[in-house]
Amino acid sequence: MSETDDGSETASESVVGTVYLVGSGPGDPDLMTVKASRLLDEADVVLHDKLPGPEILGRIPEEKREDVGKRAGGEWTPQEYTNKRLVELAREGKSVVRLKGGDPFVFGRGGEEAEHLANEEIPFEVVPGVTSAIGGPGVAGIPVTHRDHASSVSFVTGHEDPTKEESAVNWEALAETGGTVVVLMGVGKLPDYTKALRDAGMDPETPVALVERATWPDMRVATGTLGTIVEVRDEHEIEPPAITVVGDVAGTRERVRKFLRSESGAGTEARGEASSETGAGR
């Protein structure tokens with residue numbers, strides 16, 4: 001900063017820091033990009049939610065972590081506060097990492113934050129991450145596309161209520177595509193959108209898989225069909241964060257699971273299978 005004749009600093013010449021919108025991947029620290037790992041080491045402050053997972057968050061010194069995610073008791077940080085805090089820290093000249101699970105631009109509100117930073121004339125950089133929409137099913141042995149089963153894939157949010165008139169998700173169109181449907185943040189709304197897909201004409205025997213805490217040490221996979229998956233979820237107490245995969249590709253898991261390294265040895269118990277009696281691929 002420079003000074004005027006009276007000794008005050010000139011705000012226009014103050015040093016502004018950079019904000020990095022960083023995707024941490026689905027949770028396994030080894031799946032973070034090299035750049036994401038480096039930025040975490042170099043950052044002055046890291047604003048994070050819970051989705052990066054305990055191993056990744058544990059690598060960040062406590063004194064430079066700020067939790068802007070959900071907390072116990074249902075409390076959560078308003079997006080407006082996070083936007084404001086990013087600007088405040090950058091204007092203090094700090095290097096700021098906004099750490100998100102998966103990829104920052106896949107249902108991570110990274111686009112909203114980028115626009116806010118640009119409006120406030122704050123320099124920022126986007127660091128892509130492995131999105132859990134692809135990586136989650138992948139580590140469970142489920143390809144989201146497959147030459148024999150699906151030539152298209154659709155990613156949707158499970159936070160939408162498919163029964164409301166204003167829903168931005170066209171479940172009928174998704175049912176007609178014949179491709180894979182991957183639902184993020186959809187454990188709670190599972191009964192709603194599986195019914196919406198059935199009502200739209202999707203076969204109740206369509207394979208479905210739930211991947212809970214993908215790549216985390218306590219990852220679990222539950223399989224069923226469009227008609228049974230809600231019962232499977234309840235029986236095995238599948239909880240967020242989890243990804244729902246709807247489509248024939250979900251049935252390929254059983255054909256590869258025996259040789260899937262993440263399912264062998266010490267990892268078998270932690271990543272145990274939970275399936276209905278009419279489970280997919282059986």
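**A close look at charged pairs**

Modeller: Let us begin with K100 and E113, which form a salt bridge whose closest N and O atoms are 3.0 Å apart. K100 belongs to strand β4 and E113 to helix α4, so this pair ties together parts that lie 13 residues apart in sequence. Both K100 and E113 are buried. Please keep in mind that this is a predicted model.

E113 also has a salt bridge with R98, at 3.2 Å from N to O. Here R98 lies in strand β4 (residues 96-100) and E113 in helix α4 (residues 110-119), so the pair ties together parts that are 15 residues apart in sequence. Like E113, R98 is buried. As a general point, side chains of opposite charge can pair when their charged atoms come close.

For a contrast, look at R213 and D218, whose side chains meet in a salt bridge at 3.9 Å, N to O. R213 is partly exposed, with a relative accessible area of 21%, and D218 is partly exposed too, at 39%. These two residues belong to a network of salt bridges that links E212, R213, D218 and R220.

Now step back to the whole protein. The structure holds 15 salt bridges, and the protein has ten helices and eleven strands. Of its 282 residues, 47% are buried. Among contacts between residues at least 6 apart in sequence, 70% join residues at least 24 apart.

Terms used. Residues are numbered from 1 along each chain as its sequence is written. This is a predicted model: local features need pLDDT of at least 70, side-chain atom pairs count only at pLDDT 80 or more; totals for chains, interfaces and linings use all residues. Side-chain values use heavy atoms; hydrogens and water are left out. Helices (H or I, at least four residues) and strands (E, at least two) are DSSP runs, numbered from the N terminus. Buried means under 20% relative accessible area, exposed over 50%, partly exposed in between (1.4 Å probe, protein chains only). Contact means heavy atoms within 4.5 Å. A salt bridge is a side-chain nitrogen of Lys or Arg within 4 Å of a carboxyl oxygen of Asp or Glu.
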